[in-house]
Amino acid sequence: MHSKTIGNSLRNLTRRKKLILLILADCLIAFLCWVVFGPPFSFMIASNFELSLYQLIKDNILSFIIPFFFTFFYFVWSGFYLSLMKFFDSKDSIFRALIGSLIFGSFWGVTYLSQYEVIRTDYLSTVILQAFLLSSVFYAFLQISRDIAQLIIYPKNERFNGKPVLIYGAGAAGNELYQAIKVNSAIRVVGFYDNSPTLSGAEINNIKIYGKHKHIKKLSEKYRGMEIYLAIPSLSIDERRRIISSLESYKVAIRSMPALHEIVEDEKALLQMQELSIDEILPRNIVRRSVIRFENKTILITGAGGSIGSEIVRQILRGNPKKIVLFELSEINLYSIEGEVNAIKKSKNILTEVIPILGDVKNKKRLSEVLQRHSVDIIYHAAAYKHVPIVEYFENITEGIKNNIFGTKSVCDAAIENNIFKVVVVSTDKAVRPTNVMGASKRFAEMIVQSLNDQNQDHIFCMVRFGNVLNSSGSVIPLFRKQISEGGPITLTDKRVTRFFMTIAEASSLVIQAGELAKGGDVFILDMGEQVKILDLAEKLIYLSGRNIMQESNGEGIEIQEVGLRPGEKLFEELLISGEEIKTSNEKVFKSNEKFLPKEELDKAINELKKAINENDHFKIKEILINTVEGYSTKD
């Protein structure tokens with residue numbers, strides 16, 4: 001109790017007062033070391049304790065003052081006293097303490113020997129040995145004094161109420177992570193885990209290294225709410241995924257250090273613990289992004305402020321184009337992406353000109369003016385209404401058709417009139433045998449692109465079709481994490497639902513790469529791996545957040561609720577309408593030869609849609625789509 005009171009009193013002192021106390025303590029330590037291991041005590045022993053200690057100190061005091069003066073000067077000069085007591089055990093502080101101790105012993109030896117005119121060789125060796133002993137003892141007492149001060153001012157028992165953490169990995173990264181978090185009283189490291197036979201059973205700073213999974217189970221039962229910090233950044237994603245899968249059954253929350261390539265790019269990332277990424281939770285084929293060069297090219301991106309459009313902008317910027325035209329209907333989205341791109345330009349010294357333009361893709365005249373004024377070479381058309389329930393609502397069907405079908409036609413027509421070399425249209429898997437208006441509108445737009453390409457051999461029109469992207473607006477992953485953090489329930493539309501998963505960056509990269517492969521009229525399909533059951537994903541997220549599923553634990557834990565499929569929603573996704581995937585030179589990009597309506601039939605359907613839109617007849621719109629889009633079905 002007294003030590004705690006003393007610790008609180010010392011902790012509440014000003015930095016100046018703490019520094020004065022520290023210097024006085026070092027002076028006292030140096031003095032005691034000099035008395036015991038220097039001349040005073042040596043002479044007393046030699047005289048059989050007949051000489052006065054006070055007189056011996058008085059006679060030899062210069063051999064203390066001079067060495068301590070130089071030692072103190074070094075400590076101040078080197079910044080030794082700037083080190084915070086809480087973090088004294090850093091290698092740099094230890095090194096400075098060692099040099100200061102050697103200076104103290106060495107200058108004592110020089111000062112002591114300088115009073116003699118003639119020095120015998122055997123006596124010189126004795127003084128050198130005594131100087132080394134004095135240095136060693138002084139260094140030891142310096143360290144001990146810091147350790148005692150740390151125990152009094154920052155007692156370790158304050159950490160017992162902290163969150164229990166097991167560090168998975170006892171290598172260099174695990175030790176660095178421990179050094180970074182050990183001073184945080186909110187975290188209590190209860191052990192390390194490493195399956196290396198040479199490490200199992202050893203200790204790091206008196207903390208045991210465990211080597212078997214049964215130890216993890218015992219620790220999770222002993223310490224409620226224990227989390228595991230993965231500290232093996234050099235592992236491949238497959239190895240990390242295997243480890244995480246093996247830990248899932250223990251129902252402990254898992255956080256992860258960044259992968260090695262992230263640490264190489266940003267050294268500060270080493271100590272940043274993150275939530276598990278979807279790559280670590282689910283088996284997926286990771287897409288390696290490659291930079292496509294766009295020197296001397298002007299690129300226009302429609303929907304430049306959206307999830308996909310903005311990422312296409314970022315990645316095209318890396319290709320060093322002459323100019324990027326950001327074409328966006330939403331003012332706030334345009335403002336956001338322009339600010340971000342300009343910041344990237346400044347930080348990386350990129351000279352690309354960035355033009356922010358407010359505009360609607362349905363306004364062909366406005367588009368033509370922009371294309372002509374800026375001499376655009378390539379268009380990436382990402383502007384679309386994509387949220388199925390919103391477009392499916394009967395009052396929004398007309399606007400969805402206008403934007404997705406006639407907006408795409410407007411972009412392509414303007415491109416033809418202004419001799420644009422290439423147009424890459426971003427499409428969706430929901431265009432395949434659609435069960436909703438949004439998907440049907442995107443397939444109709446695809447057919448327009450195919451038809452226009454067929455009629456205009458001097459231009460290249462292509463489209464890229466892919467499934468859901470993670471962390472886009474409306475993505476299920478952030479929703480699930482939020483629901484878990486709030487204690488549930490997790491809401492699923494249907495426990496049978498499966499989906500493809502790909503990150504925005506991966507999908508955008510492949511859109512750009514597919515555009516480079518285009519010959520005209522291409523329907524590109526991205527390899528998104530295997531579909532994942534959303535129920536499995538929800539369960540994994542619950543377990544890896546350290547929680548239980550309600551029905552497995554007698555009413556405790558996170559409940560998973562089925563709320564029913566939304567209007568127009570599918571149980572599973574498809575990427576092919578007919579035929580087979582045709583390989584390209586890019587293993588992640590395939591092509592599909594898909595039929596489209598002859599020009600006369602397509603033009604007739606377009607005119608009928610225009611009339612239905614003018615009359616705001618959403619029943620007629622659906623009827624036209626059913627008769628035009630292969631596989632489209634509706635429950636209405």
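This text walks through the structure from the whole chain down to single residues.

The model is a predicted one. Start with the whole chain. It has 636 residues, and 49% of them count as buried. The chain contains 23 helices and 22 strands. The surface comes next. The chain exposes about 32100 Å². Carbon and sulfur atoms supply 54% of that area.

Go inside now. In soluble globular proteins, nonpolar side chains tend to be buried together. The largest nonpolar core of this chain has 49 residues. Which residues have the most contacts inside it? They are Ile379, Ile401, Phe444 and Leu625. Helix H17, residues 397-417, gives this core its largest share, with nine residues. Take Ile401 as an example. Set aside its neighbours within four places in sequence. Ile401 is then in contact with Phe406, Val437, Ser441, Leu609, Ile613, Ile621 and Leu625. Another core lies apart from the largest one. This other core has 38 residues, including Ile312, Ile316, Val426 and Ala514.

Next, a single helix. An α-helix has 3.6 residues a turn, so residues three or four places apart point the same way. Find helix H4, residues 53-60. Leu56, Ile57 and Asn60 are buried there. Why do these three share a side of H4? They cover an arc of only 100 degrees around the axis, and therefore sit on the same side of the helix. The other side of H4 looks outward: Tyr54, Lys58 and Asp59 are exposed. Here, buried means under 20% relative accessible area and exposed means over 50%.

Finish with three strands. Strand S4 covers residues 207-210, and strand S2 covers residues 187-193. S2 and S4 pair in the parallel sense, over two bridges. Phe192 stands opposite Ile209 of S4. S4 has another partner in strand S3, residues 203-204. S3 and S4 pair in the antiparallel sense, again over two bridges. Glu203 has Lys208 in S4 as its bridge partner. S3 and S4 form a hairpin with two residues between the strands. In this hairpin, Asn205 takes a positive phi near 50 degrees. So S4 pairs with S2 in the parallel sense, and with S3 in the antiparallel sense.

Definitions and conventions:
Residues are numbered from 1 along each chain as its sequence is written. This is a predicted model: local features need pLDDT of at least 70, side-chain atom pairs count only at pLDDT 80 or more; totals for chains, interfaces and linings use all residues. Side-chain values use heavy atoms; hydrogens and water are left out. Helices (H or I, at least four residues) and strands (E, at least two) are DSSP runs, numbered from the N terminus. Buried means under 20% relative accessible area, exposed over 50%, partly exposed in between (1.4 Å probe, protein chains only). The arc is that of the directions from the helix axis to the C-beta atoms. A nonpolar core is a set of buried Ala, Val, Leu, Ile, Met, Phe, Trp, Tyr and Cys residues joined through side-chain atoms within 4.5 Å. Contact means heavy atoms within 4.5 Å. Accessible areas come from the Shrake-Rupley method with a 1.4 Å probe; for residues, only the protein chains shown count as cover.
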